Amino acid sequence: MVKVGIVGGTGYTGVELLRLLAQHPQAEVVVITSRSEAGLPVADLYPNLRGHYDGLAFSVPDVQTLGACDVVFFATPHGVAHSLAGELLDAGTKVIDLSADFRLQDADEWAKWYGQPHGAPELLKEAVYGLPEVNREAISQARLIAVPGCYPTATQLGFLPLLEAGLADNSRLIADCKSGVSGAGRGAAVGSLFCEAGESMKAYAVKGHRHLPEITQGLRRAAGGDVNLTFVPHLTPMIRGIHSTLYATVTDRSVDLQALFEKRYANEPFVDVMPAGSHPETRSVRGANVCRIAVHRPQGGDLVVVLSVIDNLTKGASGQAVQCLNILFGLDERLGLSHAGMLP
Ligand SMILES: NC(=O)c1ccc[n+]([C@@H]2O[C@H](COP(=O)([O-])OP(=O)(O)OC[C@H]3O[C@@H](n4cnc5c(N)ncnc54)[C@H](OP(=O)(O)O)[C@@H]3O)[C@@H](O)[C@H]2O)c1
């Protein structure tokens, strides 16, 4: 049994970790932290967990207790893992961070986008970007894993086959993305209120979103050179889900894109390339650790449209984090993650 600690157990990614790990046959959550709910049994806050975590209550984060775990997940706002990861690694505990703290390899770039100095630049060299479809081998050897963000997961998986094959005009990539409201976390904020976010849709952060440098970093690696991406996120009135509509101009129209995508993801347990002509729906991946993709070339022109959907809390965060845990501990990658999405 892998002994698991979770820092930030009251948030949406924290409770999603609990939901997934409740069905995991090889992992046991032994510590779960919350500063505001310390002492409260987890099932009192999240009744869906009743019967799964008897005796487990939230506790204040404590390095010694967390350091007795085999692995600690950080499901916390940025900056928290910076301050605790080093001590946990010194104690021999592996760290899987769901925040953005170790996703960008350049500390100055991180400081620019997050408006504060990077709190642990000395750890950046060993941090592994936790996208299994790209970094499976490195994840299996890592001590510190940076789980990708939700928009970056859907967007990178959608663009990767084109960029790796050198088929796209990388100077003009467009990602038009929609997110459900749980993407903003559980903290009270006016923009997340039902009356503000319901029955409406809006773009935000068009001049630059924090996920832009993360996506660009990954796409550059895939393309083996510079890329120019326009990324426009939108808030939509659903609880879970990311829908990325991606546009790229292909340099060679003769390539069978359907075959290219199917081949790229043939051995990936959590990427589903749909039949030609499909339109994946976010509801088909609700609660499932799946990225569902369809590739189109409307009217046979040179513009490719890729549709890529995930659940922001599952393949976009906690499911991907559990997938990384499985790889890290040499377990079957699908453990605890093989259930289908909730439909309707
Ligand atoms: N929501 C998503 O769809 C999503 C997707 C991918 C990645 N992420 C990333 O995952 C992280 C967590 O997101 P979330 O949506 O779950 O956030 P959230 O709902 O706002 O929850 C944050 C959690 O962190 C704890 N926390 C806050 N400040 C802390 C501190 N200084 N020290 C220790 N614990 C602290 C909170 O509990 P207490 O305050 O009670 O301690 C709470 O349990 C964020 O970095 C987010 O960017 C989120």
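Arg-240 is in contact with Glu-16, Arg-19, Gly-180, Ser-182, Arg-286, Gly-287, Asp-311, Asn-312, Leu-313 and Thr-314, when residues up to four places away in sequence are not counted. In this predicted model, Arg-240 belongs to the loop that links strand E9 (229-235) to strand E10 (242-249). Despite its position in a loop, Arg-240 has a relative accessible area of 15% and is therefore buried, the cut-off being under 20%. The side chain of Asp-311 is reached at 2.8 Å, and a polar contact of 3.4 Å connects the side chain of Arg-240 with that of Thr-314.

Beyond its neighbours within four places in sequence, Gln-258 contacts Val-273, Met-274, Pro-275, Ala-276 and Val-295. Among these, Met-274 places its backbone oxygen 2.9 Å from a polar atom of the Gln-258 side chain.

Helix H10 also packs against helix H7. Two packed helices are described by the angle between their axes and the distance between the axes. For H7 (residues 150-164) and H10, the axes approach within 10 Å and cross at roughly 110°. This angle falls in the range of 65 to 115 degrees, and H7 is therefore roughly perpendicular to H10. On the H7 side, the contact is formed by Gly-158, Leu-160, Pro-161, Leu-162 and Glu-164, which meet Leu-257, Leu-260, Phe-261 and Arg-264 of H10. Classified by residue type, the contact between the two helices comprises 6 nonpolar, 1 polar and 2 charged residues.

At the level of the whole chain, 11 helices and 13 strands are present. The C-alpha trace extends over about 60 × 45 × 40 Å along its principal axes. The radius of gyration is 20 Å; a compact globule of 344 residues would have a value near 20 Å, so the chain agrees with this expectation. Buried residues account for 54% of the 344 residues. Of the contacts in the chain with a separation of 6 or more, 71% are between residues 24 or more positions apart.

Methods: Residues numbered from 1 in each chain as written. Predicted model: local features only at pLDDT ≥ 70, side-chain atom pairs only at ≥ 80, totals over all residues. Heavy atoms only, no water. Polar contact = N/O pair within 3.5 Å; in protein donor to acceptor, adjacent residues only side chain to side chain. Contact = heavy atoms within 4.5 Å. Axes fitted to C-alpha atoms, helices over the stretch in contact; angles between N-to-C directions. Helix = DSSP H or I, 4+ residues; strand = E, 2+ residues; numbered from the N terminus. Parallel < 35°, antiparallel > 145°, perpendicular 65-115°, else oblique. Nonpolar A, V, L, I, M, F, W, Y, C, P; charged D, E, K, R; others polar. Rg over C-alpha atoms; globule rule 2.2 N^0.38 Å. Buried < 20%, exposed > 50% of the residue type's maximum accessible area, 1.4 Å probe, protein only.
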